[in-house]
Amino acid sequence: MNIIKQVGKSSLIIAYIICLLPALVTGQPRRHKRTQTGNEGRPTQLRSFIKQAEEAGIDFTFPPVLKEVTAISNENLSFDYAMAMPGQNFEIWLQVRSLKQNWTSYEQVKNITGKMLANPDSSYIGAIKANACVLSDDDRYTIRSLKPELLEAYNADAGKSCLVSLADLPETKGFKYALLIALQKDHTGYLLAVCLTNDKGPDFFRSLSKVRECIKFR
């Protein structure tokens, strides 16, 4: 009975977060402007990530309220960029992948052999499932589809989310919870964002609200 109550509580939390997310991408006008100098003056890691995100069809604007931290990359977890909010228990890990080469291989195999490989546009589902499995301290989480209005706000074609209680791993740095969000644009690329926190209440929502227009598909 306690498990049922916990699942119900988690469902309400995720619903609240998903309702809040559109504000993250519509609250302020875009500040990112392209110039001929491109990424000059930016830290090397940020320049590299912006380029990788662009290859996946994603525009990334660094949120001024965050600071860059070292991204985790090992045999269990692999992320391309990470940020933290100074003075707050809040951190974001980002993983971006281009699907263009996957689609080229997919079409070649289909045309040459007539066989069908896994559809590259389903890669984002495998990404969120694999990371939720590694990060969670139990299997009492539910992966949900994002609502159409949220996908439209991100200019995405599909997306999933789930909230997990974190396992006590060196990589999780003592954080208690993580909200995982996966977004995908057909034939283009996908993004996986892991938002880590110790608080599932208002402080977490306030931290999320400060990361407006961080990412958006073109």
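## Aromatic pairs and sheet packing in a predicted model

In this predicted model, seven aromatic pairs are counted when ring centres within 6.5 Å are taken as the criterion. A pair of aromatic rings is described by the distance of the centres and the angle of the planes, and two of the pairs are set out in those terms below.

| Pair | Centre to centre | Angle between planes | Arrangement |
|---|---|---|---|
| Phe62 and Tyr81 | 6.4 Å | 80 degrees | edge-to-face |
| Phe204 and Phe205 | 6.3 Å | 40 degrees | tilted |

As for solvent cover, Phe62 is partly exposed, with a relative accessible area of 27%, whereas Tyr81 is buried, at a relative accessible area of 0%. These two residues also belong, along with Phe49 and Phe60, to one aromatic cluster. In the other tabulated pair, both Phe204 and Phe205 are buried.

Turning to the sheet, seven strands form an open arrangement in the order E2-E3-E4-E8-E7-E6-E5, and their pairing is antiparallel. Strand E2 (67–69) and strand E5 (144–145) stand at the edges with a single partner strand each, so one side of each is left without a neighbour in the sheet. The antiparallel strands E2 and E3 (residues 81–84) are joined by three bridges, and within this pairing Glu68 has Met83 in E3 as its bridge partner.

Helix H2 (residues 44–55) lies across E2, E3 and strand E4 (90–98), and runs at about 50 degrees to E4. Helix H4 (residues 123–135) also packs on the sheet, where it touches E4, strand E6 (158–165), strand E7 (177–185) and strand E8 (189–197), and the direction of H4 makes about 5 degrees with that of E6.

For the protein chain taken as a whole, the secondary structure amounts to six helices and nine strands. Of the 218 residues in the chain, 45% are buried, and the chain exposes about 11400 Å², of which carbon and sulfur atoms supply 51%. Among the contacts between residues at least 6 apart in sequence, 60% join residues that are at least 24 apart.

Technical notes
Residues are numbered from 1 along each chain as its sequence is written. This is a predicted model: local features need pLDDT of at least 70, side-chain atom pairs count only at pLDDT 80 or more; totals for chains, interfaces and linings use all residues. Side-chain values use heavy atoms; hydrogens and water are left out. Two strands pair if DSSP finds at least two bridges between them. Helices (H or I, at least four residues) and strands (E, at least two) are DSSP runs, numbered from the N terminus. Contact means heavy atoms within 4.5 Å. Axes are lines fitted to C-alpha atoms, for helices over the stretch in contact, and angles run from 0 to 180 degrees between N-to-C directions. Rings of Phe, Tyr and Trp (its six-membered ring) pair if their centres lie within 6.5 Å; planes under 30 degrees apart count as stacked, over 60 as edge-to-face and the rest as tilted. Buried means under 20% relative accessible area, exposed over 50%, partly exposed in between (1.4 Å probe, protein chains only). Accessible areas come from the Shrake-Rupley method with a 1.4 Å probe; for residues, only the protein chains shown count as cover.
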